[in-house]
Amino acid sequence: MGDEKKLMNKKRLITISSLIIIFIIYSITTKAFDKNIFEHIGSSLYRMLIGYVLSVVLGIITAIILSSNKYIKMMFKPLISFMMSIPTITWVPVLLIITGISNTTVILAIFLGSYFTIIYNTLDGLENVDQNLIRAAKIMGYNPIKILTHVSIPDSFNHIIVGLKLGISYSWRALVGAEMLGAANMGLGYLIFTARQFYNLNRAISTLIIIGLLGYLMSRLIIIIEKNTIDKWGLADD
Amino acid sequence: MNKDKILKIILPTILILILLTTWQILSEKEIINSMLFSNPIDIAKEITTNENLINHIANSVYRLLISVAIGYPLGILTGISISKIKKVKFVEDITAFFMSIPGISWAPIFIMVIGFGNPTIITVGVLTAYFPALYNSLHGIKGMNKNIIKVADMLEYKNIQKLFKIILPAISNYLLIALKESFSRTWRTIIAVEMIAATMYGLGYMTYDARELLNMPVMFMGIIISGIIYLIIEQLIIGTIEKTTVVKWGMKKSS
C-alpha cells in the first residue's frame, strides 16, 4: 500500500510539473511577460507573508483571550461570525481612502481576509478540548500558560488548521482583489488589471495561471503542515 | 439553560451598542477624523433613506442566484459523470487548481472577451460556483459505499433512478457542503467583480462608486449590507435545505 501510494504521488508530481513546463514554454513563446515579472511575484508574496503571519498570530492570540471567559465568548461570537460573512473586498475602497494607495492597504486587506476565520475556528477548537485532559494537567501542577501550550493548543490543533487553510485562500483572494482595485503599483493583481488596459490577453491568462498556481501551492503548504503535525500526533478526527 | 439563552442574545447586543456609541462619540468629538470614519447615525440615515439601495441589492442577489443555479448543478453533473473514469485523481488536482484561482482574476479576461455588464459578472459567478460543486461531488462519490450501487444494479435500476435514488442521497452531505461553499464564494466574487465590471447597479458597484465621491456613509453601508444579505441568504436557503434533507434523514444533527 505504501509503495503504491508513493508511485501515485510520483505520477502526480510528474503530471503537475510537466503541465507547469508547458505553461512556461507557452508564456515565453507568446512573450506574455517582460523582465520584471519576478518583482511582481515577489512583492505579492511579500505582502501575503506579512499580512497572513500577522493575522495568524493575532487571530490565535485573540481567540485565546476570548475563550478565557464563557461570557466574553458569548458576547463576541456573533460579531465575529458577522464579520466573517462580509466580503473582504468591500473593505478595500474604505481602506483606499483611509490608508491611501500603498502596501499597507493590501496588507490590511489580507489581514482582514483571514483574521476572523482564524479566530472563529480557533475558538471552536478551544471549546472542544477534552476537559478531563485539563483537569489532569491541573492535578499535575501545570500553570495556566503551560496548560495552554501543552494541552489546549495541541488538542485543538485540527480545528486551528481548518482556520489556517480557509484563511490562506481567503487572504490570497483578498490580495488579488486589493491589488486590482488600484491599491498598489506592483503585484500580480496589478499585472492582470493592466493587461486588460493594454488588451494583452496572453498576459492576462498567464498571470491568472500563476495566481492559481501560487494559491494552490499555498494550500498544499498547509496540508503538508497538517500531515506533519496532526497525523503524526494521531489527532485526526476520523 | 434558559438563562444562557437570554444571555446569548443580550450580551452581543450590549457589545454592539457599546461599540457603536464609542464610534459615534469618537467621531463627534473629532478624536478620529469624522470625514474618513463617518459615524453610525449617518450610516443608519443612509440605509433608511437611500432609494437606490433596494435596486443594488436586488441586482446583486439576482446575479448570485442565477450563477449558483447554473454553476452548481453543472458541477455536480460533471462530477458524477467523471467519477467513473480512471484518472479521477488528475481531475481532482486540476479542480483544486481552478478552485484556488480567485474569482476576481477571471474578470479582466472576460471583460476583454465579452465586455462589461451582466454577462461577464454572471460568467465569472458560474465559474466560481462550478468548481466547489465538482470537487465536493468527486470527493463524495469517492467516499461512498460502493455496495449500494451493486444492490441497485441487482434490482435493475435504470440510470436515472440510480442517480436520484442512490447516488444523490448518498452524497447529500457533500452536496450541502458544496452548496454552502458555492454560495459564499460566489457572493464574494460577485461583489468583487461588480466593482470593476458592473455598469449600473450592484452592491459592489455602489461601494466602489462611492469612493470617487468620497461618500463614506455609502461605503460603510456597502460593507454592512453585503454582510447582512449573505447571512440572510445562508439562513433562508441553505438552512431550509438542510432541515428538509440531511437533518430529516438523520445524517446530521440540527445545530
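Predicted model: local features only at pLDDT ≥ 70, side-chain atom pairs only at ≥ 80, totals over all residues.
By class, which residues make up the lining of the largest cavity? The lining has six nonpolar, four polar and three charged residues.

**Largest cavity**
- A search of the whole structure finds three cavities of 30 Å³ or more.
- The largest cavity has a volume of about 180 Å³.
- Its lining consists of 13 residues, and those nearest the centre are Ile89(A), Arg173(A), Ala174(A), Arg188(B) and Thr189(B).
- Two elements each give two or more residues to this lining: α8 (157–183) of chain A and α10 (172–197) of chain B.

**Second largest cavity**
- The volume of the second largest cavity is about 80 Å³.
- This cavity is lined by 13 residues, with Met83(A), Met84(A), Ile86(A), Leu112(A) and Gly113(A) nearest its centre.
- Helices α3 (70–85) and α5 (103–127) of chain A are the elements that give two or more residues to the lining of the second largest cavity.
- The largest share of that lining, six residues, comes from α5(A).
- Sorted by class, the lining of the second largest cavity has eight nonpolar, four polar and one charged residues.

**Surface patch**
- A nonpolar patch on the surface is formed by Tyr46(A), Leu49(A), Ile50(A), Val53(A), Val57(A), Ile61(A) and Ile65(A).
- Together these residues have about 630 Å² of accessible area.
- One of them, Ile65(A), is found in helix α2 (residues 37–66) of chain A.
- Ile65(A) counts as exposed because its relative accessibility is 53%, and exposed means over 50%.

Technical notes:
Residues numbered from 1 in each chain as written. Chains lettered and ligands numbered in written order. Heavy atoms only, no water. Patch = residues over 30% accessible without salt bridge, like charges linked within 9 Å, V, L, I, M, F, W, Y side chains within 5 Å. Areas by Shrake-Rupley, 256 points an atom, 1.4 Å probe, with all protein chains shown as cover. Salt bridge = Lys/Arg side-chain N within 4 Å of Asp/Glu carboxyl O. Helix = DSSP H or I, 4+ residues; strand = E, 2+ residues; numbered from the N terminus. Buried < 20%, exposed > 50% of the residue type's maximum accessible area, 1.4 Å probe, protein only. 1 Å grid on protein atoms, 1.4 Å probe; cavity = no way out; pocket = protein on both sides within 12 Å on 5 of 7 lines; lining within 4 Å. Points joined across faces, edges and corners; volume = space filled by probe spheres on them. Nonpolar A, V, L, I, M, F, W, Y, C, P; charged D, E, K, R; others polar.
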